[in-house]
Amino acid sequence: MNTVKEQIEALRNELRLHNYNYYVLDNARISDYDFDFRLKTLQDLEAKHPEFFDANSPTQRVGGEITKNFETLVHEHRMYSLDNSYSKEDLEDWETRIKKLVDGDVNYTCELKYDGASISLTYENGKLLKAVTRGDGLQGDNITANIKTIKSVPLQLKGDYPPKFDIRGEIVLPFDGFNKMNEERIEIGEEPYRNPRNTASGSLKLQDSAEVAKRPLECLLYNLTGNTLGVKTQFESLDKARQWGFKVPEAAKLANSIDEVLEFVNYWDVRRHDLPYETDGVVIKVNNLQQQEELGYTAKAPRWAIAYKFKAEQVSTRLNTITYQVGRTGAITPVANLEPVELAGTTVKRASLHNADQIEKLDIREGDEVYVEKGGEIIPKILGVDLSKRSANSEPTIYITQCPECETQLVRQEGEAQHYCLNYNGCNPQIIGRIQHFISRKAMDIDGLGGETVALLVNEGLITNYSDLYELTKEQVVPLERMAEKSAENLINGIKQSKNIPFERVLYALGIRYVGETVAKKLAKHYKGIDAIAVASHEELENVDEIGVKIAESVTAFFESEENVAIVNRLKDFGVQLEMSEEQLVGQTDKLKGDIIVVSGVFHSVTRNVLKKLIEDNGGKVSSSISSKTSYIVAGDNMGPSKKQKAEKLQIALISESEFLQKIK
Ligand code: AMP
Ligand code: ZN
């Protein structure tokens, strides 16, 4: 029989291998279910045997550590920037300079230049010791807790790695993940993120590492730094890094001349559009490390490397008109309607102008000739105006003051970039958008009813809000465009079926600003029915775990409107689920009734989220901050020192994970 220690080690190794297969090689070898099962087994074992704790165990990737202020660390080896080049001549000049400084043949490693946030990782005896941002090149922020949650960063290396070294790379957010994050943001009425790079670097500075763990970040490595690396060339070092378990893209290639470098550049200038992440050029490095050392550094950059920047594809075209769109939440977006033009393989007709500030900053006017670029952003952007082509009688753009759809005076709240039309229940695009959201798949999932039909129903005056759907008759629907007997029947049937949709999804479907799927679930769990939510005060709402000021304000504002209350009451009368059902309430007790509990630290036998769910299922309240009202704290490992102090000061009891589980047994 294996010892526990051996069992733990075996599970860690197995999970590491699966992580590696999936996140580094993009080649899954195990089902999610089996993976989760093994992870849970390991978590249980580690919980029972804290003596075998390992900060680099695969169980540590879920995050949970909170960093209020990132510690500043000095880089042992400075992180330099790169000089740029833009043409064949620039590269030839660079080669001439190099050849004056070193003897012998020079060849090059060509790599892609990944566009993200740079990072320096330090490994000691094969374990990740720390991860530091570039900062000013001399010192950066210690973001180890956040980096550990990125699955393509190995926590334990394999093979013949040196005892201590640094490795540099770039944290990127691949397009797929970026788009998904934006879909979710748009869904809850938040502004989408502008581009993957800023979102990646912003993610690294989040205080809650569990939040970072949810973001689909990747780490691509490109440089080894250290004293005894056991390699002679850059190309070889990339290969070694791969063997030790790092994700090093395969695109890297050796080139024997500047002409070969240019072949690489020209190839990727086109093919980069097929890559899953952003790149903004190529980095060319002298391959021989001995030669690199002889070449050394200028004040700012290595002499042995140079970046070649791809030209962002850019064209100029005429801006015909500026129009304004009204979104589901009432947000106004100015849109540039362009003379159609070819750009990066597609025809561009429109570009977002974002908001009033952007128009003012660029002084964009109708009739202008504008420069349009398709960079990392998905939507083309306007870079500026060709002033030489502006006509003498052109006038500055005056931003609209009234809603283009309902003529309500627009407002722009302090700190917000966007103007809003607040005519919530009387502005057509808002009405239509809200009903479209109501019927959408993750909400009421109404079969047989699509977005266009909703617009038709509203425009024909058949419905003015989502509760009206439940009064529609087949006879009303049949005469509509593209409807028939059968499809009308399906539509009415679909609406009827939606009365079975559980409360938490109905709550989400109401389209209250900032109440996305997760928040709706939280609120439904906590309050169990719409009536309790409708009367909850700001303060009470904010006391619910993970509900912040913005959400609390938005929820109370929603229920302050008599119109909204009337609509919700109508839904109730029609039999829509506005309370948790008996079934959902099963497994729930009131053992913790009246308790306000704070959860802090890292846990072993259950995850933080399971713990929170257990508290709520047993009638307790989870609170995110310690106050005199806190009943007690369930404390795991590594509870933050400031929290500890606060608990002591207020004399609030700490109980362990197992004591807590005993309580609700
Ligand atoms: P820049 O920020 O334009 O001065 O470019 C330098 C940055 O490019 C470095 O700090 C790295 O973060 C980044 N970079 C991306 N890919 C590579 C690569 N393959 N080799 C070296 N640096 C890279
Ligand atoms: Zn309006």
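Analyst: Happy to! Helices here are DSSP runs of H or I with at least four residues, numbered from the N terminus. Keep in mind that this is a predicted model. As a case, Lys-612 is found in helix α23, residues 608-617.

User: Is Lys-612 buried or exposed?

Analyst: The general idea is that buried means under 20% relative accessible area. Lys-612 has 11% relative accessibility, so Lys-612 counts as buried. Leaving out residues up to four places away in sequence, Lys-612 touches Asp-545, Glu-546, Val-599 and Val-622.

User: Thanks! Which residues coordinate the zinc ion (ligand 2)?

Analyst: The SG atoms of Cys-403, Cys-406, Cys-421 and Cys-427 do, at 2.2 to 2.4 Å. Along the chain, these donors follow the spacing C-x2-C-x14-C-x5-C. Cys-403 and Cys-421 both lie in the loop between β16 (381-385) and α12 (428-439), so this pair ties together parts that are 18 residues apart in sequence. Both Cys-403 and Cys-421 are buried.

User: And why is the arrangement around that zinc ion called tetrahedral?

Analyst: Four donors count as tetrahedral if all angles lie between 85 and 135 degrees. Around the zinc ion (ligand 2), the four donor atoms subtend angles of 99 to 115 degrees, so the arrangement is tetrahedral.

User: How do α12 and α13 pack, at what angle?

Analyst: Helix α13 covers residues 451-459, and its axis is 9 Å from that of α12, at an angle of about 135 degrees. The two helices, α12 and α13, are therefore oblique to each other, and their crossing is right-handed. Among the residues that meet are Ile-431 and Ile-435 in α12, and Val-454 and Val-458 in α13.

Key. Residues are numbered from 1 along each chain as its sequence is written. Chains are lettered from A and ligands numbered from 1 in the order in which they are written. This is a predicted model: local features need pLDDT of at least 70, side-chain atom pairs count only at pLDDT 80 or more; totals for chains, interfaces and linings use all residues. Side-chain values use heavy atoms; hydrogens and water are left out. Donors are N, O and S atoms within 2.8 Å of the metal (3.2 Å for Na, K and Ca); water is not among the atoms, so sites may look incomplete. Four donors count as tetrahedral if all angles lie between 85 and 135 degrees; four count as square planar and six as octahedral if opposite donors are over 155 degrees apart and all others between 65 and 115; anything else is irregular. Buried means under 20% relative accessible area, exposed over 50%, partly exposed in between (1.4 Å probe, protein chains only). Axes are lines fitted to C-alpha atoms, for helices over the stretch in contact, and angles run from 0 to 180 degrees between N-to-C directions. Angles under 35 degrees count as roughly parallel, over 145 as roughly antiparallel, 65 to 115 as roughly perpendicular and the rest as oblique. A crossing is left-handed if the near helix is turned anticlockwise from the far one by less than a right angle, and right-handed if clockwise. Contact means heavy atoms within 4.5 Å.
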